[in-house]
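Please consider the structure shown below. The paragraphs that follow lead through some of its loops and charged side chains.

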Amino acid sequence: MLDKAIETKETASFIFLKIKNKNAAAIQITAEQLIREAFERQGSVQKAPRQKVLDGEELSDYQMRRRREFEEGVRRNRSNIGEWLRYANWEESQQEIARARSIYERALDIDPRNQTIYIKYAEMEIKNKNVNLARNLYDRAVTILPRVSQFWYRYTYMEELLGNINAAREIFDRWMQWEPEPEAWNAFIKFERRYNEIDNARAVFERFVFVHPEPKTWLKWTQFEEETGNTDQVREVFGQAIDRLGEEFMDQHIFISFAKFEVRMREHERARAIYKYALERLPKAKSQSLYNQYTIFEKQFGDKDEIESVVVTKRRMEYENLVRQDPQDYDAWLDYTWLEEGAGEVSRAREVYERAIANHPTVLQKPLWRRYIYVWLFYALFEETIARDIERARQVYRLCIKMIPHKHFTFGKLWLQYAWFEIRQQNVDAARQALGQALGICAKDKIYRGYIALELELREFDRVRTLYSKYLEFNPTNCTTWVEFAQLELALGENDRARALFELAVDQPMLDMPEVLWKAYIDFESSQDTERTRELYERLLNLTDHVKVWISLAHFELSSSLEKARAVYERGFARQKELGLKEERLALLESWRQMEQENNGDVEAVEKRMPKRVRKRRELEDGSLEEYFDYVFPDDSEQGSRFKLLAKAHLWKQKQA
């Protein structure tokens with residue numbers, strides 16, 4: 001035994017050691033194949049043979065055997081209602097109604113609140129025309145389970161089908177005492193209307209709106225009264241709905257339906273009064289559809305001024321609430337003033353503007369002051385364009401300028417708008433005086449630019465030169481200003497002045513965008529003198545070795561000679577190589593190759609100098625390795641041997657493929 005165990009263990013160990021290849025097999029078995037094979041190997045299901053009953057004795061034996069099986073089933077699991085129902089259904093099929101009834105009763109003793117038992121039980125009694133038994137059963141069901149609606153529906157349907165209308169009505173009355181869902185009330189109302197009992201249906205509606213006082217319930221009642229043709233009763237129901245719901249639970253659709261009813265009755269004044277009454281009491285968030293319907297109504301039957309006055313009054317109240325809650329909500333103040341301007345109320349608009357500017361910010365924060373200054377600006381525009389009071393508009397501008405704490409911040413838009421206001425009044429001296437005052441108190445770029453634009457519009461070029469000079473003294477690092485000043489001199493035909501300005505600009509120790517300045521200077525000289533342009537490029541290359549400068553110089557030399565352009569590329573390539581900038585060398589070679597292709601030059605010579613892209617690893621500060629891509633150039637002496645080896649490896653790989 002011990003030898004055999006040792007041999008078995010060695011064999012198992014040997015088998016374990018031989019399993020070394022864990023790769024997937026060449027032939028894979030899919031899940032579909034496994035399922036198909038299992039289905040094919042599945043044996044055929046044995047069906048019970050059909051039994052033919054030839055005489056009463058065999059029938060009795062069959063019934064006894066089946067009853068024994070059912071009894072054993074319900075004895076093992078008494079709570080299995082499905083087994084009880086199958087038992088009762090079988091007894092019914094054997095025409096043993098009494099036995100089936102007994103089984104149903106036994107099932108109800110186990111679960112007296114099971115709805116399915118009651119339904120199957122009642123269906124059996126109705127099928128066998130035991131109406132009184134079915135009626136008793138439904139009565140038991142609605143007594144035990146009064147919240148189950150389908151028992152009530154079946155009970156009333158059975159009584160109505162038998163023609164027992166009064167009994168059905170009594171059942172509905174019993175049901176309504178439980179205050180069921182709205183569908184039950186609608187079924188009761190439809191029942192009364194089928195037999196033309198209008199007064200009974202109206203009484204049901206009165207109880208219905210008491211139990212479910214939703215707006216849609218009241219609308220159903222008004223629709224019912226309108227279909228019966230009782231106009232006065234419709235108005236009375238609408239009045240009750242408005243009184244009962246109150247302002248808290250009022251819905252705009254009640255008023256819309258009421259007004260539409262009056263329109264159908266040709267009572268347009270009544271409809272208008274209803275719309276106005278509703279708009280005065282409902283908040284805007286709950287009356288958007290009401291506004292829309294009122295607008296449509298007035299377009300059809302009324303005057304535009306009436307609806308506009310109502311809307312303006314409503315919105316005026318809303319804005320008053322907003323500015324009362326937050327007096328420094330300047331957006332709400334502006335909306336309020338625009339509302340009054342649109343309504344044509346000049347005095348009201350001026351009053352609102354005065355109230356708004358009286359609520360100045362209490363903290364020195366420019367974003368908050370910006371909204372406040374906008375109120376002043378719109379106030380001045382209102383006085384100028386709508387009220388046509390020029391002197392008052394001028395006073396608004398001056399008061400606003402005095403209000404601003406210029407030691408902390410200022411607003412160039414205010415100064416410029418005031419200056420253009422004086423220009424529109426043909427008072428140029430006042431405009432210049434205002435902008436001069438602005439530059440003296442709080443000079444900023446926006447004011448300088450606006451002042452220059454104003455003088456350019458007036459064609460005062462000497463003043464423009466003076467302003468540019470002051471501007472450059474204020475901010476000499478702004479390259480855009482230097483370029484614009486030079487372009488102005490160029491437009492006036494003063495090329496020497498423009499060149500002198502460019503020379504002054506490039507000699508500045510600090511510039512915000514020197515590339516913009518140098519590009520403008522080179523573009524200017526390229527249209528004037530080639531040698532000067534070449535000298536500019538050389539001066540720029542002494543300051544920077546950016547690859548774009550080399551490419552731009554090569555394109556410039558290409559206009560005169562292809563060889564000169566190649567020489568520039570050679571110089572640039574050598575300089576980038578000296579600095580160890582591989583990506584810049586690659587960009588230079590790509591530009592060089594494109595130039596050779598466009599001019600049918602020696603593309604192969606450039607292709608030979610193109611680098612190979614290789615993947616490398618480098619160690620980071622934390623000791624981990626990072627992969628990156630590097631470029632290996634053929635003409636790098638320290639990497640020449642490695643590049644040749646890499647080229648041979650690529651060639652061998654291509655042959656193997």
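Gln 426 is placed in the loop between helix H22 (412-424) and helix H23 (428-442); helices here are DSSP runs of H or I with at least four residues, numbered from the N terminus. Its phi is near 60 degrees, a positive value in a residue other than glycine. Gln 426 is exposed, with a relative accessible area of 73%, where exposed means over 50%, buried under 20% and partly exposed in between, using a 1.4 Å probe and protein chains only. The model is predicted, so local features need pLDDT of at least 70 and side-chain atom pairs count only at pLDDT 80 or more, while totals for chains, interfaces and linings use all residues. Residues are numbered from 1 along each chain as its sequence is written, and side-chain values use heavy atoms, with hydrogens and water left out.

Another loop, between helix H6 (115-127) and helix H7 (131-144), holds Lys 129. This lysine is not a glycine, yet Lys 129 has a positive phi of about 65 degrees. Lys 129 is exposed, its relative accessible area being 72%.

The next topic is charge. Side chains of opposite charge can pair when their charged atoms come close. A search of the whole structure finds 40 salt bridges, each defined as a side-chain nitrogen of Lys or Arg within 4 Å of a carboxyl oxygen of Asp or Glu. One of them joins the side chains of Glu 489 and Arg 465, at 2.7 Å from N to O. Glu 489 belongs to helix H26 (residues 479-491) and Arg 465 to helix H25 (residues 461-474), so this pair ties together parts that are 24 residues apart in sequence. Both Glu 489 and Arg 465 are buried.

Within it, Arg 392 and Glu 354 form a salt bridge whose closest N and O atoms are 3.6 Å apart. Arg 392 lies in helix H21 (residues 390-403) and Glu 354 in helix H19 (residues 346-357), so the pair links parts that are 38 residues apart in sequence. Arg 392 is partly exposed at 28% relative accessibility, and Glu 354 is partly exposed at 34%.

A further salt bridge, of 4.0 Å from N to O, is made by the side chains of Arg 270 and Glu 267. Arg 270 counts as partly exposed at 42% relative accessibility, as does Glu 267 at 32%.

Terms used
Helices (H or I, at least four residues) and strands (E, at least two) are DSSP runs, numbered from the N terminus.
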